[in-house]
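User: I am new to this structure. Please take a close look at one part of it and walk me through what surrounds that part.

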Amino acid sequence: MLRGAGFQDEIRVLKSKPGKDIVTTGSITLVHALIAAGLIDEYRLFVYPVVLGRGERLFADATEVPRLRLVETRPFRSGIVLLRYRPT
């Protein structure tokens, strides 16, 4: 469990240990904090064939969008597409 303002250090410790991927879903506030701290190794974006017309931006400040390299696209029968990007 992440606790308060020092969670970035906890994430760095977790990343230094062997194991599986650390994944977050459903918390744009947490993701923004991880982006700001430079703790994202890969973005996995699922594109749904639905237009909602609202929501938070992944990169809140469009002037500081990181350079990304597309490493995988995977379409699913449902019409959803997974896009995997890594910062360059």
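Which residues is tyrosine 85 in contact with, leaving aside its neighbours within four places in sequence?

Analyst: Tyrosine 85 is in contact with Glu42, Tyr43, Leu45, Leu68, Arg69, Leu70 and Val71, leaving aside its neighbours within four places in sequence. This is a predicted model. Tyrosine 85 is found in strand E3, residues 81-87. Its relative accessible area is 21%, so tyrosine 85 is partly exposed. The cut-off matters here, because buried means under 20%. Valine 31 sits 54 residues away along the chain from tyrosine 85, and their C-alpha atoms are separated by 15 Å.

Now take arginine 84. Arginine 84 also lies in strand E3. Its relative accessibility is 16%, so arginine 84 counts as buried. With neighbours within four places in sequence left aside, arginine 84 is in contact with Glu42, Tyr43, Arg44, Arg69, Leu70, Val71 and Glu72. The side chains of arginine 84 and glutamate 72 are joined by a polar contact of 2.5 Å.

Next come the charged pairs. Side chains of opposite charge can pair when their charged atoms come close. In the whole structure, a search finds 8 salt bridges. One of them joins the side chains of arginine 44 and aspartate 21, at 2.6 Å from N to O. This pair links distant parts of the chain. Arginine 44 is in strand E1. Aspartate 21 is in the loop between helix H1 (7-16) and helix H2 (28-36). The two residues are 23 residues apart. Arginine 44 has a relative accessible area of 39%, so it is partly exposed. Aspartate 21 has 55% relative accessibility and counts as exposed.

Arginine 44 has another partner. Glutamate 42 forms a salt bridge with arginine 44, and the closest N and O atoms are 2.6 Å apart. Glutamate 42 is buried, with a relative accessible area of 18%. Arginine 74 forms a salt bridge with glutamate 72, with the closest N and O atoms 2.9 Å apart. Arginine 74 counts as partly exposed, at 39% relative accessibility. Through shared partners, salt bridges join Asp21, Glu42, Arg44, Glu72, Arg74, Arg84 and Arg86 into one network.

Turn to the aromatic rings. A pair of aromatic rings is described by the distance of the centres and the angle of the planes. The count comes to 1 aromatic pair. Tyrosine 43 and phenylalanine 59 form that pair, and it is edge-to-face. The centres are 5.4 Å apart, with 65 degrees between the planes. Tyrosine 43 lies in strand E1 and phenylalanine 59 in the loop between E1 and E2, so the pair ties together parts that are 16 residues apart in sequence. Both tyrosine 43 and phenylalanine 59 are buried.

Last, the surface. Phe46, Tyr48, Val50, Leu52 and Phe76 form a nonpolar patch there. Together they have about 560 Å² of accessible area. Leucine 52 belongs to the loop between strand E1 (43-47) and strand E2 (68-75). Its relative accessible area is 70%, so leucine 52 is exposed.

Notes:
Residues are numbered from 1 along each chain as its sequence is written. This is a predicted model: local features need pLDDT of at least 70, side-chain atom pairs count only at pLDDT 80 or more; totals for chains, interfaces and linings use all residues. Side-chain values use heavy atoms; hydrogens and water are left out. Patches are made of residues with over 30% relative accessible area and no salt bridge: like charges are joined within 9 Å, nonpolar side chains (Val, Leu, Ile, Met, Phe, Trp, Tyr) within 5 Å. Accessible areas come from the Shrake-Rupley method with a 1.4 Å probe; for residues, only the protein chains shown count as cover. A salt bridge is a side-chain nitrogen of Lys or Arg within 4 Å of a carboxyl oxygen of Asp or Glu. Helices (H or I, at least four residues) and strands (E, at least two) are DSSP runs, numbered from the N terminus. Buried means under 20% relative accessible area, exposed over 50%, partly exposed in between (1.4 Å probe, protein chains only). Contact means heavy atoms within 4.5 Å. Rings of Phe, Tyr and Trp (its six-membered ring) pair if their centres lie within 6.5 Å; planes under 30 degrees apart count as stacked, over 60 as edge-to-face and the rest as tilted. A polar contact is a pair of N or O atoms within 3.5 Å; within protein, one must be able to donate a hydrogen and the other to accept it, and residues adjacent in sequence count only if both atoms are side-chain atoms.
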